[in-house]
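Thanks for coming. Please look at the sequence and the model on the screen while I talk.

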Amino acid sequence: MRSSLRRLAEASANIPFSLSQASAQLIPPIPLYRRLLRVHRYLPDDMRFMGDSYVKSEFRLTRDTDNPLHIIAFLSQWKVYLDQIESSVLADAGASDTKGKGKASRVGGAGVGSAMWRGRKLDTAEFEKMSAEQVGQLYELMHATKDVWKSTDELEAQAQAQEEEAEAVQSGSSQPDPFATGR
């Protein structure tokens, strides 16, 4: 009787106790790659294009890696990303699906494709672990995206300035600046 209790205890020792432990389990590379591309279908078109190309390039670059520590770290970080994006995007898609739309479709960026992944802030512990090269890349990314992703206030101010310029041109009171960048 004791040996069967021991076997039962050993068998249950591998069951994760929490959701975070369960999600920390690794997925083999090919199924992980497919699930990442599949969950990107729920993103808006521009985010999907950027995400798909990044996933493809990262998996392509690490295809020939032989170091098991690098492989495990790579797979575990992509699994964390997959869990974050699935919980965020699919929760938004499920909420829009329950509002009477029936099955959400991905036509013209509507339905499931309009779900927005909000991401999260970078943890200071993760930031301190970064190398100088990674911090430099993060800094370059911040400046590259500053012009692309503008706040609501900036967009409203830009639209108002464009409207005022159009009104001024229509009234003939001023000529538009041919060298203006529109910013």
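In which helix is the place of Leu36? Leu36 is in helix H3, and helices here are DSSP runs of H or I with at least four residues, numbered from the N terminus. Before going on, two remarks on the source. Residues are numbered from 1 along each chain as its sequence is written, and side-chain values use heavy atoms, with hydrogens and water left out. This is a predicted model, where local features need pLDDT of at least 70 and side-chain atom pairs count only at pLDDT 80 or more, while totals for chains, interfaces and linings use all residues.

Back to Leu36. Is this residue buried or exposed? Leu36 counts as buried because its relative accessibility is 0%; buried means under 20% relative accessible area, exposed over 50%, and partly exposed in between, with a 1.4 Å probe and protein chains only. Leaving aside residues up to four places away in sequence, Leu36 touches Val55, Phe59, Trp78, Tyr81 and Leu82, where contact means heavy atoms within 4.5 Å. Take Tyr81 from that list. Between Leu36 and Tyr81 there are 45 residues in sequence, but 8.7 Å in space, C-alpha to C-alpha.

Next, the core. The largest nonpolar core has 16 residues. Such a core is a set of buried Ala, Val, Leu, Ile, Met, Phe, Trp, Tyr and Cys residues joined through side-chain atoms within 4.5 Å. Among the residues with the most contacts inside this core are Leu36, Phe59 and Trp78. Helix H3 (29-39), H4 and H5 are the elements that give two or more residues to it. Which of them gives the most? H5 does, with 7 residues.

Now the rings. The structure holds 6 aromatic pairs. Rings of Phe, Tyr and Trp (its six-membered ring) pair if their centres lie within 6.5 Å; planes under 30 degrees apart count as stacked, over 60 as edge-to-face and the rest as tilted. Phe59 and Trp78 make a tilted pair, because their ring centres are 5.9 Å apart and their planes are at 45°. Since Phe59 lies in helix H4 (residues 45-61) and Trp78 in helix H5, this pair ties together parts that are 19 residues apart in sequence. Phe59 counts as buried at 12% relative accessibility, and Trp78 does at 10%. Both belong to one aromatic cluster, which also includes Tyr33, Tyr54, Phe74 and Tyr81.

Asp83 is in helix H5 (residues 68-101) and counts as buried at 19% relative accessibility.
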